[in-house]
Amino acid sequence: MKLEIRNTRDDKSQPINVVVYGDSGVGKTSLVKQLPSEETLVISAEGGLLSIKDHDVDYVSVKSVEDVLSILNQVAASKYKHVFIDSITELSQNHFTFLKAKYDQVEIDEKKKPGSMGIKVWGDFLEDFSKMFKTLRDMRKNVVAISLLKEKENEIGMVVKSPDIYGKSSDRIMAWFDEVFFMHMSKDGNRKFLTEKGAVTAAKDRSGKLEKIEDADIAMIIKKING
């Protein structure tokens with residue numbers, strides 16, 4: 001196989017993958033309005049998109065990672081340039097419920113001890129999410145996933161904020177995404193992204209092109225990273 005040697009400076013436009021997390025009601029779902037509607041697909045695990053009901057954008061509802069992978073296979077070569085997942089918190093909860101029901105039935109069918117398939121549930125859960133995020137990256141589309149906020153006390157008693165994904169997968173979110181932003185309201189009432197890790201707040205900017213605090217504008221962020 002002949003290898004194609006390229007230079008990173010020639011890659012003018014790189015797809016970004018970002019997770020935005022924050023308190024309920026801060027306006028995470030409405031971020032999709034900043035993206036070109038004709039080029040955006042919303043993957044909804046929330047069971048409703050009330051906050052953007054006045055916005056003209058394509059969407060599909062999902063219950064499990066299997067649903068997401070099926071959709072991604074269909075849209076890989078489509079017109080969509082942006083995939084917006086609302087939300088990975090809900091998706092992770094739904095997928096865990098799906099897997100637990102699946103293996104509860106296996107226990108019944110094979111007369112196994114209740115709960116004996118628990119390790120298999122968590123193993124499949126982590127494997128499925130890893131596969132989903134790898135598929136999203138390989139599609140070379142901009143991926144924006146939103147998440148609720150999780151607060152957890154660390155080893156020195158400080159309450160740390162991070163994206164909320166069911167189970168221990170929450171610890172892997174920083175590896176799965178290049179950009180992790182904490183969305184919050186500033187003192188003057190404007191929505192902002194924290195893009196760098198704080199003392200009690202998880203965040204990162206792998207591009208190195210963002211300020212520590214940015215306006216909560218996804219379209220601007222994409223342009224700034226690829227500018």
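Let's start with Asp178, which touches Asn17, Arg137, Lys204, Asp205 and Arg206, leaving out residues up to four places away in sequence. Keep in mind that this is a predicted model.

**Two aspartates to look up**

- Asp178 sits in the loop between α4 and β7 (179-185).
- With a relative accessible area of 15%, Asp178 is buried, because buried means under 20%.
- Between the C-alpha atoms of Asp178 and Lys223 there are 15 Å, and the two residues are 45 places apart along the chain.
- Asp128 belongs to helix α3, and its relative accessible area of 16% makes Asp128 buried.
- Setting aside neighbours within four places in sequence, the contacts of Asp128 are Val65, Glu66, His95 and Leu99.
- One of these residues, His95, is 33 residues from Asp128 along the chain, with 9.1 Å between the two C-alpha atoms.

**How α1 meets α3**

- Helix α1 covers residues 65-75 and helix α3 covers residues 118-138; they pack at an angle of about 20 degrees, and their axes are 10 Å apart.
- Angles under 35 degrees count as roughly parallel, so α1 and α3 are roughly parallel to each other.
- The crossing of α1 past α3 is left-handed.
- On the α1 side, the contact is made by Val65, Glu66, Val68, Leu69 and Leu72; on the α3 side, by Asp128, Phe129, Lys131, Met132, Thr135 and Leu136.
- Sorted by class, the residues of this contact between α1 and α3 are 7 nonpolar, 1 polar and 3 charged.
- Here is a handy idea when you look at a list like that: an α-helix has 3.6 residues a turn, so residues three or four places apart point the same way.

**How α1 meets α2**

- Helices α1 and α2 pack at an angle of about 115 degrees, with 9 Å between their axes.
- Angles of 65 to 115 degrees count as roughly perpendicular, so that is the description for α1 and α2.
- Val65, Glu66 and Val68 of α1 make this contact with Leu91, His95 and Phe98 of α2.
- The contact of α1 with α2 has 4 nonpolar, 1 polar and 1 charged residues.

**A walk along α2**

- Helix α2 (residues 88-109) has 22 residues and reaches 31 Å from its first C-alpha to its last, close to the 32 Å expected at 1.5 Å a residue.
- Which residues of α2 are buried? They are Ile88, Thr89, Leu91, Ser92, Asn94, His95, Phe96, Leu99, Tyr103 and Glu107.
- The cover over these buried residues of α2 includes β1 (17-22), α1, β4 (82-86), α3, β5 (142-153) and α4 (173-176).

**Backbone details to spot**

- Asp86 and Ser87 are joined by a cis peptide bond, with omega about -10 degrees.
- You can find Ser87 in the loop between β4 and α2.
- Lys111 follows α2 and lies in the loop between α2 and α3.
- Although Lys111 is not a glycine, its phi is positive, at about 55 degrees.
- Is Lys111 buried or exposed? Lys111 is exposed, with a relative accessible area of 75%.
- Arg140, in the loop between α3 and β5, is another residue other than glycine with a positive phi, near 55 degrees.
- Arg140 counts as exposed because its relative accessibility is 52%, and exposed means over 50%.

Key: Residues are numbered from 1 along each chain as its sequence is written. This is a predicted model: local features need pLDDT of at least 70, side-chain atom pairs count only at pLDDT 80 or more; totals for chains, interfaces and linings use all residues. Side-chain values use heavy atoms; hydrogens and water are left out. Axes are lines fitted to C-alpha atoms, for helices over the stretch in contact, and angles run from 0 to 180 degrees between N-to-C directions. Helices (H or I, at least four residues) and strands (E, at least two) are DSSP runs, numbered from the N terminus. Angles under 35 degrees count as roughly parallel, over 145 as roughly antiparallel, 65 to 115 as roughly perpendicular and the rest as oblique. A crossing is left-handed if the near helix is turned anticlockwise from the far one by less than a right angle, and right-handed if clockwise. Contact means heavy atoms within 4.5 Å. Ala, Val, Leu, Ile, Met, Phe, Trp, Tyr, Cys and Pro count as nonpolar, Asp, Glu, Lys and Arg as charged, and the others, Gly among them, as polar. The expected span of a helix is 1.5 Å times one less than its number of residues. Buried means under 20% relative accessible area, exposed over 50%, partly exposed in between (1.4 Å probe, protein chains only).
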